[in-house]
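Q: Please take a close look at one part of this model and describe it in one connected account, with the cut-off behind each term that you use.

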Amino acid sequence: MWRVGPRRVARGVPARSARTATRQTGRVTAAFDLAAIGAGLSFAAAVDDLSAALDRSAAVVVSAPPGTGKTTLVPPLSASRSRGRVIVTQPRRVAARAAARRLAHLDGSALGDRVGFTVRGERVVGPSTRIEFVTAGVLLRRMLDDPGLDGVDAVILDEVHERALETDLLIGLLSEVRELRDDLSIVAMSATLDAERFAAVLGADGAPAPIVDHRVPAFPLTERWTPSAAPRLDERGVTRAFLDHVAQTAAFAARDLRRDDPAADVLVFAPGAREVSEIARRISAAADGFDVRELHGRVPAAEQDAVVRGRAPDRPPRIIVSTSLAESSLTVPGVRLVVDSCLARHPQRDAARGMTGLVTTAAPRSSCVQRAGRATRQGPGTVIRCVDERTYAAAPVRSVPEIAVADLADAALLLACWGAPGGAGLRMIDQPPAGNLADAVAVLQGLGAVEDDGRATAEGRALARIPTDPRLARALRDGSPVVGARLAAEVVAVLGGDLRAADTDVAQALIGLRGGRTPDARRWRRDADRLERLVPPTPGIRSDLDGIGLVIALAFPERIAQRVERSADGATFLLASGTRAGVRGALASTEWIAVADVARAGGRASAGSGAVVHAAAALTETQRELAASHLATDRVEAEFVGGRVQARRERRIGAILRSSAPVRPTIEEGRDAVRRALRRDGLAVFAWSEAADALRRRLALLRRELGAPWPDVTDAGLLASLDTWLASELDTLAGGTPVGRIDLATAVRRLLPWPEASRFDELAPERLEVPSGSRVRIDYPTVGDDTARPVVAVKLQECFGWADTPRLVDGRVPVLFHLLSPAGRPLAVTDDLASFWSGPYAQVRAEMRGRYPKHPWPEDPWAAAPTRWTKNRAARESG
């Protein structure tokens, strides 16, 4: 077995050429009969083109519409060209099982002989298996142990257009493996016209991979629009009224179709399994004489197979209600009418709350086109869209790749184990978003799964080999010795499956599953058995339902939650992560819970918190301390509030406050509190005195005109140099002194540079002495104003005798005079006294002489010295 390590292609995967024989998976079997298998399949016409492309290149992209037969024909074609095994990936378990069963049937062999499948919890293969259908996740984990894919000659990636996260990861990993295994062929199959992107990534030596584009003549499609009068969605999801509308539309249309074409079936698309069941139930009640079937991942395999096989001639017409599973993964024969809700369910991450969940939104138009195409596979068909044309046109053009919106913890761990943290160095269709990837790495570091450089630890590699989310894998490994391997496996199987906890309580769900005989219960038991085998047995440990909360808390310690508010509709809980979420049902009366599933929501269910808990269990104090000891803090929190430092000693679990008491802060704690307040609110936390503000403005002018060494006294500059000018005052404030007692003028003076400070009053004087003898205060520009001039507001008579404008800062900056009347009213504004005396002054003199006859108005003010009366009056007015 090859080892997985850094740059595993260089170290772990031995180079092999096409001439090197691969290891046999079993005895050599007869070739597949492509003519018999491809009978009646459109893609049979493209087999020769695909063979020719594979002769030229080890990587090929196939583009063909759904239902043409590429999933049926390409695997046996590849097997006929090689001696090793052919792996075919599917994005869903149901698709992998159905494709394997169909190909084995067409081949005339037993399932598990020449054709088999492997999905989570189920494996049907044998030593003679040539073609193995798997989910993408199964192949990803298989490659961790066998990065060179020993004995595999071809990998076929089906449904790559869906942009499932695991399929995108496989493209990156396989592209790297192929660099040293030129005998490994890769075929990527897409049902849409976006093959060029995949060809560019899978190509070699700068050239894209060849594309086999198979188009078929389209049968006519009739489009009809039947919008619902009620809204499709509300804060709880799909509305009941819209479900009624879809069911009624399908029932009425099915009756018309039965009259016109009794051999035709109806296919109805709904966003999720719950909606499928609700619509199917409504149709069954409204339409007699139809065989109403459900198709989604929870339906037993036998029922799925029955849908895919079609109906016998003597059976009634079928109405199949399906999730997006029938969009491209599975082909349902006999369909002539599609009823489309135009809704889809996809993962969405709320980065602010740290939550990822499935949300229901408008289906992208590319998906709706594929859905409609199911009605025209074998002849003219009709699609009825349960929206109006305007709503349809407003839908997104195509779906968002899952890598852009999903929780990346599992993907990040797989990439770390592969030796390419974050996908570094891999040729991928899209790189993981940096923010989502950073969140995922933080989760993995909390689990001890990756090093600081992003590479996997021994613990991380062990977690990666458990086929579930790494957080659940950690809960299984760490919870088994405490609550028992069986209970831990049962809880993880519930959380990792598609099961919903009744009334939010996982314990009640577990009780129901243990005694249930439904397909969900049987699948859950198989998953639990498989998970239990992955951890050491725990004899002697009694499994108690009280341990459920601990298992959940070990997986999601940041979701440990305390009740903070009760209401008639339930309760609001605060999670350790800081998120608030509503809880309804019996758990609303519990003080502490461990939350397994929380999602954004509105309405009464969220209790006004903006989120709702879908799955949780009660948690004891001992379990809380065991699972979240790393989140527990006990520290003094000092804050600068109301101009004074205040402190409290707080004990917390994450964001949950356990206790709080007032204490006296240390000097360092108080100093940090003031610094935080300054960073948050700026220098506005201080009350700047007139003297301090004036001093700061003078320094700002010198900095503007002369630069260094005169200090930067902008807000940013002062905040960056707090320890230089405010250290003493910070200590004073930290000791409890109110901010109002702080003298900022003294603090700002500490910034004066030496020896330049000796000229400070000369360069930027506080006051300007005018010819009358008055010393008038200079109003300097505000800090940060790069153009304003220093202003002196003075009565015009006091400037008699000044021929030119005085200048500051060694003559660089002229003073801007606001010249006033004897009554202190504005007369003129100028920074050029010589021009004012020789021009505008004459008009001012003419107007003011009559109004103020007792004041001097000389014709030559630049030469006239202020009179004794003016000087005496100025002296009296200046104090």
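A: Strand 29 and strand 32 (residues 816-820) pair in the parallel sense over five bridges, where two strands count as paired if DSSP finds at least two bridges between them, and where helices (H or I, at least four residues) and strands (E, at least two) are DSSP runs numbered from the N terminus. This is a predicted model, in which local features need pLDDT of at least 70 and side-chain atom pairs count only at pLDDT 80 or more, whereas totals for chains, interfaces and linings use all residues. Residues are numbered from 1 along each chain as its sequence is written, and side-chain values use heavy atoms, with hydrogens and water left out.

Within this pairing, lysine 795 stands opposite leucine 820 of strand 32. Both strands belong to an open sheet of three strands, with the order 29-32-33 and mixed pairing. Its edges are strand 29 (791-795) and strand 33 (826-830), each of which pairs on one side only. From one strand to the next, the twist averages 20°, an angle between N-to-C directions, on a scale from 0 to 180 degrees, of axes that are lines fitted to C-alpha atoms, for helices over the stretch in contact.

In their contact (heavy atoms within 4.5 Å), Leu487, Ala488, Val491, Val492 and Leu495 of helix 18 meet Ile548, Val551 and Ile552 of helix 21.
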